[in-house]
Amino acid sequence: MKKWHKGFIIVVTWLVTASCGDISTCKVSLLVAGGGASGTAAGIQAARMGCATLIIEETPWLGGMLTAAGVSAADGNYNLPGGIWGEFKDSLTQYYGGPKALKTGWVSGVLFEPSVGNTFFQKMAAAEENLDVWFETRLLAIEKRQGT
C-alpha cells in the first residue's frame, strides 16, 4: 500500500467515525463516496471481503445513471456470468421472467425499470453485515493530519 493511501484511510476512518447509527461507535476502513453502480459494487465487494465499509450517497437512490436514467439500459457484454454485475443481472432476469424479457428495446440487451434496479442494489447492500449506506449525505472535506 502506498504511504499516502494509508494516511488517507486513517483520516477517512477518523472522519467517518462520526456515525453509523450511533455517533460514538461507528468505525469504517473504507469510505465510498458515491452510490453509483461502480461505488455500490465496490462497497458490496469490500464488505464481502470483511472490510467495514460505508457508502455515502447524495440521493435516496443506488445505482447512479444505470438505475436513475429515464431508460435504464446496460451497455457491454451481456454474457458476463459473475460478480456483482452477474448477481444484479440474474435478479433482473428472475424478476422479469427470463433473459429475453430484458431485451425490450434496440438500445441494449438488458433493459429494466429504474426503480427495479435501485431496489435490487439496495437489497444487495442491505444484505451485507459489513456495509452501511448513508443516503442524502455528501462528503464535504477530507483532512489529513500529521502522524495519522
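Arg48, Glu87 and Glu128 are linked in a network of salt bridges. A salt bridge here is a side-chain nitrogen of Lys or Arg within 4 Å of a carboxyl oxygen of Asp or Glu.

Ground rules next. This is a predicted model, so local features need pLDDT of at least 70, side-chain atom pairs count only at pLDDT 80 or more, and totals for chains, interfaces and linings use all residues. Residues are numbered from 1 along each chain as its sequence is written, and side-chain values use heavy atoms, with hydrogens and water left out.

The salt-bridge count comes to two. Take Arg48 and Glu87: their closest N and O atoms are 2.5 Å apart. Arg48 sits in helix H2 and Glu87 in helix H4, so this pair ties together parts that are 39 residues apart in sequence. Helices are DSSP runs of H or I with at least four residues, strands are E runs with at least two, and both are numbered from the N terminus.

Now Glu128 and Arg48. Their closest N and O atoms are 3.0 Å apart. Glu128 is in the loop between H5 and E5, 80 residues from Arg48 in helix H2.

How exposed are the three? Arg48 is partly exposed, at 34%. Glu87 is partly exposed too, at 30%. Glu128 is buried, at 14%.

Next, H2 itself. The helix runs over residues 37-48, twelve residues. From first C-alpha to last, H2 reaches 17 Å, close to the 16 Å expected. That expected span is 1.5 Å times one less than the number of residues.

Which residues of H2 are buried? Gly39, Thr40, Gly43, Ile44, Ala46 and Ala47.

Contact means heavy atoms within 4.5 Å. After H2 comes Gly50, with a positive phi near 95 degrees.

At 1% relative accessibility, Thr53 counts as buried. Leaving aside neighbours within four places in sequence, its contacts include Gly43, Ala46 and Ala47, along with Val28, Leu30 and Leu131. A polar atom of the Thr53 side chain lies 2.8 Å from the backbone oxygen of Cys51.

Now the core. A nonpolar core is a set of buried Ala, Val, Leu, Ile, Met, Phe, Trp, Tyr and Cys residues joined through side-chain atoms within 4.5 Å. The largest one has 19 residues, and Phe88 and Leu92 touch the most other members. H2, H4, strand E4 (110-112) and H5 each supply at least two residues. H5 gives the largest share, five residues.

What does Phe88 touch? Not counting residues up to four places away in sequence, Phe88 touches Leu66, Thr67, Phe112, Gly117, Phe120, Phe121 and Met124.

Last item, a backbone one. Glu136 has a phi near 50 degrees, positive in a residue other than glycine. Glu136 lies in the segment after E5. At 61% relative accessible area, Glu136 is exposed.

Note on methods
Buried < 20%, exposed > 50% of the residue type's maximum accessible area, 1.4 Å probe, protein only. Polar contact = N/O pair within 3.5 Å; in protein donor to acceptor, adjacent residues only side chain to side chain.
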